[in-house]
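Dear colleague,

I am passing on the structure below, and I would be grateful if you could look through it alongside the notes that follow.

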Amino acid sequence: MSEIKEKLVVSASPHFRSKDTTAGIMRDVIIAMVPALIASAVIFGYRTLIITAVSVISCVVFEFLARKVMKRNNTVGDLSAVVTGMLLAFNLPSTMPYWMVVIGAFTAIVIAKQFFGGIGQNFVNPALIGRIVLMSSFPSQIGNFIAPFAYRDTVDAVTTATPLAQMASVYSQDNIGAAVDGAELPSLINMFLGVRAGCLGEVCIAALLIGFVYLLIRKVISPAIPLTFMGTVAVIMLIAGKGSLTFTAYQLMSGGLVLGAVFMATDYTTSPISLKGKIIYALGCGIITSLIRIFGSLPEGVSFSIIIMNILVPHIEHFTTPKPFGTVKEKKREAVE
């Protein structure tokens, strides 16, 4: 009889393969951000495109060089650096000096991402770290906003305050509804269409919602985090605004709430996996954002709230990750033994 040799083949789980790739997911995110980029270019002019280009190119170059220096496989092709560059640009005003944009890109890619191992290893959102560093280092420049369509004027554009900054003193008023009406804010329709001062990618809510719908259709993100995040802010602001729906609407469309909830809080690496974890995470983002807006010295709190909750994600995962079927907890196991 011939001797039969059998080989035991062992492969790593999971055995089911997905057609999704990192580059494919990032490509969908880029496509989802295009409407906001176009709207920003129309509202704030050509500098929108230059700042975005500088940010994206800087992020790609820094990622390439960092991987070379660290002797790691090059990951520029996964397009994650392009997404980080676009998100960083979306969090900056159109007046931001280009060399400062490069500093933000270096911070986001090299320090917040590559120092921790690259994509999938960073514990906080790189673009938000870049924004926070720029905001802490150059507060005057990052708070230098111009009025919409000011680039069409032949004279130098005049800086103006964002709607969120204009509402900073509203909380102390007895009649918040009347205070909002008297604050000379842009109309709600202009808030929705982006005809107001603000960062490049945060002003046009209509464009951001188009991107949100696209990501949902492509199943890149789930609605749990964005809806819970924005819903939490809506409830708290409705209470803080003493039932004023107008005040709540301005809070929802002001600042970077929609941008952060849709494109940054949903980052795969820095957000929980389970549905329960996503809801807890988004609740935390909404609560912290609201508290900073109401009681903080800064008018905005989205960036800080997402970063704080990013740091807490491992603990959220620990308490919300489903246990495998048939697993016996340690205390119960000791009791049985």
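Arg 218 is partly exposed, with 48% of relative accessible area, where partly exposed lies between buried (under 20% relative accessible area) and exposed (over 50%), as found with a 1.4 Å probe and protein chains only. Before going further, please note that this is a predicted model, in which local features need pLDDT of at least 70 and side-chain atom pairs count only at pLDDT 80 or more, while totals for chains, interfaces and linings use all residues. Residues are numbered from 1 along each chain as its sequence is written, and side-chain values use heavy atoms, with hydrogens and water left out.

The side chain of Arg 218 forms a salt bridge with that of Asp 28 at 3.2 Å, N to O; the term stands for a side-chain nitrogen of Lys or Arg within 4 Å of a carboxyl oxygen of Asp or Glu. This pair links distant parts of the chain, since Arg 218 sits in the loop between α10 and α11 and Asp 28 in helix α1, 190 residues apart, with helices taken as DSSP runs (H or I, at least four residues) and numbered from the N terminus. Asp 28, at 8% relative accessibility, counts as buried.

The structure holds 3 salt bridges, and another of them joins the side chains of Lys 113 and Glu 63 at 2.8 Å, N to O. Lys 113 lies in the loop between α4 and α5 (126-137) and Glu 63 in helix α2, so this pair ties together parts that are 50 residues apart in sequence. Lys 113 is buried at 2% relative accessible area, and Glu 63 is buried at 0%.

Turning to the interior, 8 of the 8 residues of helix α13 (residues 257-264) are buried, so this helix is largely enclosed by the rest of the structure. One of them, Phe 263, is among the residues that touch the most other members of the largest nonpolar core, which has 85 residues; such a core is a set of buried Ala, Val, Leu, Ile, Met, Phe, Trp, Tyr and Cys residues joined through side-chain atoms within 4.5 Å. Leaving aside neighbours within four places in sequence, Phe 263 is in contact (heavy atoms within 4.5 Å) with residues including Val 29, Met 33 and Leu 208.

Finally, Lys 219 has a positive phi of about 60 degrees although it is not a glycine. Lys 219 belongs to the loop between α10 (205-217) and α11 (224-240) and is exposed, with a relative accessible area of 73%.

With best wishes

Key. Helices (H or I, at least four residues) and strands (E, at least two) are DSSP runs, numbered from the N terminus.
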